[in-house]
Amino acid sequence: MTSYSRIAVRELPLFPLSEVVLFPTRPLPLHIFEPRYRIMMNTILESDRRFGVVMVDPHKGTIANVGCCAEIIHYQRLPDDRLKMLTLGQQRFRILEYVREKPYYVGLVEWIEDEPPHKDLRPVATNLEQLLRDVVRLSAKLTEEEIELPEDLPDLPIELSYWVASKLYGVASEQQALLELQDTNARLEREAEILTSTRNHLAARTVLKDTLN
């Protein structure tokens, strides 16, 4: 085994999920039914209730190198030892190597964090929040449904960046790229680009709808 004595590392059971990316501070409900993962979760429940969630690319069959640690917050046992559980994203990690692959993956991981910001992140976070409100307003108009942002939208720029990233449904590869970034400002700016594109698309559809009506 390679020596990683100068890096803060630990062994972590790994739970690969197809096109699912977990972010710090975000919840992830799970239904555990495969025998190997029932074994894994029962083992985890007897220790610190933490495991790593890593995205699997269903097209390539590859497991991402960066994931997010999850902590089991609540669980319920079902028949046949199946489990329903609620987990919460903790810190991110990078897989250094696999310790074993059976009956489930265990990796030697190092924790990763965003670099300290070199400028005030509040302006870009404020802009991102306004883009969110624009997207929600336009979506509500198009669908004629009541859609609102939660009142407890994160105040801290880094937590806001994780919240937005977790809501980008259907673009797992983009979410994975955001998870791997270690620059909060870069993550916020990329999310602003995505939401600007979404807002412009929704605005065009709204104009077309108003014209046809």
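Predicted model: local features only at pLDDT ≥ 70, side-chain atom pairs only at ≥ 80, totals over all residues.

Residues are numbered from 1 along each chain as its sequence is written, and side-chain values use heavy atoms, with hydrogens and water left out.

Helix α1 spans residues 35–45, and its buried residues are Tyr37, Arg38, Met40, Met41, Asn42, Ile44 and Leu45; buried means under 20% relative accessible area, exposed over 50% and partly exposed in between, with a 1.4 Å probe and protein chains only. Helices (H or I, at least four residues) and strands (E, at least two) are DSSP runs, numbered from the N terminus. Among the elements that cover these buried residues are β1 (9–18), β2 (27–32), β3 (50–57), β5 (66–77) and β6 (83–100). Tyr37 also belongs to one aromatic cluster with Phe15 and Phe51.

The structure holds five aromatic pairs, where rings of Phe, Tyr and Trp (its six-membered ring) pair if their centres lie within 6.5 Å, and planes under 30 degrees apart count as stacked, over 60 as edge-to-face and the rest as tilted. One of them joins Phe93 and Trp111 edge-to-face, at 6.4 Å centre to centre and 80° between the planes. This pair links distant parts of the chain, with Phe93 in strand β6 and Trp111 in strand β7 (residues 106–112), 18 residues apart. Phe93 is buried at 0% relative accessible area, whereas Trp111 is partly exposed at 26%.

Arg190 lies in helix α5 (residues 184–212) and is partly exposed, with a relative accessible area of 30%. Leaving aside neighbours within four places in sequence, Arg190 is in contact (heavy atoms within 4.5 Å) with Glu174 and Leu178.
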